[in-house]
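Student: I would like to learn how to read contacts, a core and a disulfide from a model. Please take them in turn.

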Amino acid sequence: QVQLVESGGGLVQAGGSLRLSCAASGMIVSIRDMAWYRQAPGKQRELVAAITSGARTNYADSVKGRFTISRDNAKNTVYLQMNSLKPEDTAVYYCNLKGTAVVGPVFEVDDYWGQGTQVTVSS
């Protein structure tokens, strides 16, 4: 099965930067879109940034100009560069992948999720 492992989260002061990584492994045939979501305590999970297989991107209004999503197709990895971090960015960040994988004897197209990485921004 497809496994997504996030890394790069941690504690940072307001105005600082972090770079999140998400590496996909498993019987992946192709990857379509990759994205980062986040969920703060007591709030719904929200889309932060997404990137298509053609490297087209979109961002939540709250992070435009501060965050940059990118991908390395050779490594099946998606990144989220987060600059000018604010306390409001504090959340668990989740990697999401939409792609085709080998599941038993067939190919399946599904959304896959990582386990999340904590980002805490102090004021």
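Student: Which residues is Tyr93 in contact with, leaving aside its neighbours within four places in sequence?

Tutor: Contact means heavy atoms within 4.5 Å. For Tyr93, with those neighbours left aside, the list includes Glu6, Leu20, Trp36, Leu80, Met82 and Val119. This is a predicted model: local features need pLDDT of at least 70, side-chain atom pairs count only at pLDDT 80 or more, and totals for chains, interfaces and linings use all residues. Residues are numbered from 1 along each chain as its sequence is written, and side-chain values use heavy atoms, with hydrogens and water left out.

Student: How many residues does the largest nonpolar core have?

Tutor: In soluble globular proteins, nonpolar side chains tend to be buried together. A nonpolar core is a set of buried Ala, Val, Leu, Ile, Met, Phe, Trp, Tyr and Cys residues joined through side-chain atoms within 4.5 Å; buried means under 20% relative accessible area, exposed over 50%, partly exposed in between (1.4 Å probe, protein chains only). Here the largest core has 30 residues, and Trp36, Leu80, Met82 and Tyr93 have the most contacts inside it. Strand S9 gives the largest share of this core, five residues; strands are DSSP runs of E, at least two residues, numbered from the N terminus.

Student: Which residues does the disulfide join?

Tutor: A disulfide is a pair of cysteine sulfur atoms within 2.5 Å. Cys22 is joined to Cys95, S to S 2.1 Å. The two lie 73 residues apart, Cys22 in strand S3 and Cys95 in strand S9.

Student: Is Cys22 buried or exposed?

Tutor: Cys22 is buried, because its relative accessible area is 0%.

How values were computed:
Helices (H or I, at least four residues) and strands (E, at least two) are DSSP runs, numbered from the N terminus.
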